[in-house]
Number of protein chains: 2
Amino acid sequence: MLARMMTVRESAFVEEMGQALAAYGMTPMAGRMWGWLLICDPVEQTAGDLADALQASRGAISGTARMLATAGMIRRTKRGGDRREYFSAPPEVFDQFLANAGRIYRHFREVTERGLAAMADRPPADRARLQELHDVFAFVEQEVPAVVDRFLRERAGGAGRKDRSA
Amino acid sequence: MLARMMTVRESAFVEEMGQALAAYGMTPMAGRMWGWLLICDPVEQTAGDLADALQASRGAISGTARMLATAGMIRRTKRGGDRREYFSAPPEVFDQFLANAGRIYRHFREVTERGLAAMADRPPADRARLQELHDVFAFVEQEVPAVVDRFLRERAGGAGRKDRSA
DNA sequence: CCCAACATTCAGTCAATACTGAACCTACGG
DNA sequence: CCGTAGGTTCAGTATTGACTGAATGTTGGG
């Protein structure tokens, strides 16, 4: 506690990340917390640190931390001889976060499958639109791991190597 | 007007699509309208048809139709000698919808860039996390067109052709 | 065993926002 | 030039859901 306050620009970033994540189904607080954990010092922050930095209640911190951890966007760690829990957003979690993008497409694929089932007795021509959309989602869902893999390989191969042959 | 009502299963699909899109930043009505346009008969529906089918006000239909059209998820067409406007969700729009996914990643990349600018005077080690996240977004953003292209080629090449060499 | 510190839960409050519906605008038809 | 049908806008309403904070677990120290 008693860490330095955010600068104006840091606060702007934290707030913008809050709005950005809120625009895609998470809460503003989730975005703020993630944003702060991406730029804070030290890297690991206790619930008290976060409540202080984000001017939020303990309850909000608790619930939001769970949401972010479930989504694979932050990590929670405990230390022996310390009751507190430490939150952080280390680079490793980004890969997991990226892979999770596939879950979205899977969700939509499943919805379209239920829709197609509801149209079971309609002529194939009527079902074509939804079938096509289903195929789009299924394709992307299947493609995500490959993209993740390519990213990891590019990073491992060094920043200089681009390997962007068409 | 006076088209048949939705079956229970159709209604369930429409409602589920409403919730699904609502979970990702659009309104429930947008999801319902999209869902209905994916399964309705005839394919093209007037604003009056939609208001009737979805039990929604004309105002809601108007605003929602604009939102979906802007997002490239539906098409609006007009015919000579008919003042009405027709809405539809033909297969062609899905490609555009898929390509739009790149916009999301671009948005996040830009946010992270502003964050990095806000950390300009911090040591490189502190900036590493956010820089890494930025690289993830930038990579995916750049990768989206290739994925779209691959989908189009697979579809054009026939359902049997898979071409999934690593 | 009790205390203190930290974390979680959840009912209540408040702000954000999706939707309604009436007024307004526009364009074609007579 | 008026009438009508379709489309849009926007102020108001209702609903949702994010956040608060006090009560309730839980874990380690004395």
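I started at Ser62(A): one of its polar side-chain atoms sits 3.1 Å from a phosphate oxygen of DNA strand C. I'm working with a predicted model, where local features need pLDDT of at least 70, side-chain atom pairs count only at pLDDT 80 or more, and totals for chains, interfaces and linings use all residues. Residues are numbered from 1 along each chain as its sequence is written, chains are lettered from A and ligands numbered from 1 in the order written, and side-chain values use heavy atoms, leaving out hydrogens and water.

Then I listed the surroundings, calling a residue near if one of its heavy atoms lies within 4 Å of the strand. I get 19 residues around DNA strand C, with Arg66(A), Glu85(A), Met29(B), Arg32(B) and Ser57(B) the closest.

**Chain B against chain A**

I superposed the copies by least squares on C-alpha atoms of residues with pLDDT of at least 70 in both. A rotation of 180° with 0.0 Å of shift along its axis puts chain B on chain A, RMSD 0.2 Å. That is how a two-fold axis relates copies. Both copies use the same surface, as 100% of chain B's contact residues recur in chain A.

Counting heavy atoms within 4.5 Å as contact, I find 54 residues from chain B and 54 residues from chain A. About 5000 Å² is buried between them, 68% of it from carbon and sulfur atoms; buried area is the accessible area (1.4 Å probe) that the two parts lose on being put together, summed over both. On chain B's side, Tyr24(B), Arg129(B) and Phe139(B) lose the most area to chain A, together 15% of what that side buries.

How many salt bridges cross the interface of chain B and chain A? I count 8, using a side-chain nitrogen of Lys or Arg within 4 Å of a carboxyl oxygen of Asp or Glu. Glu132(A) pairs with Arg155(B), closest N and O atoms 1.9 Å apart.

Methods: A polar contact is a pair of N or O atoms within 3.5 Å; within protein, one must be able to donate a hydrogen and the other to accept it, and residues adjacent in sequence count only if both atoms are side-chain atoms.
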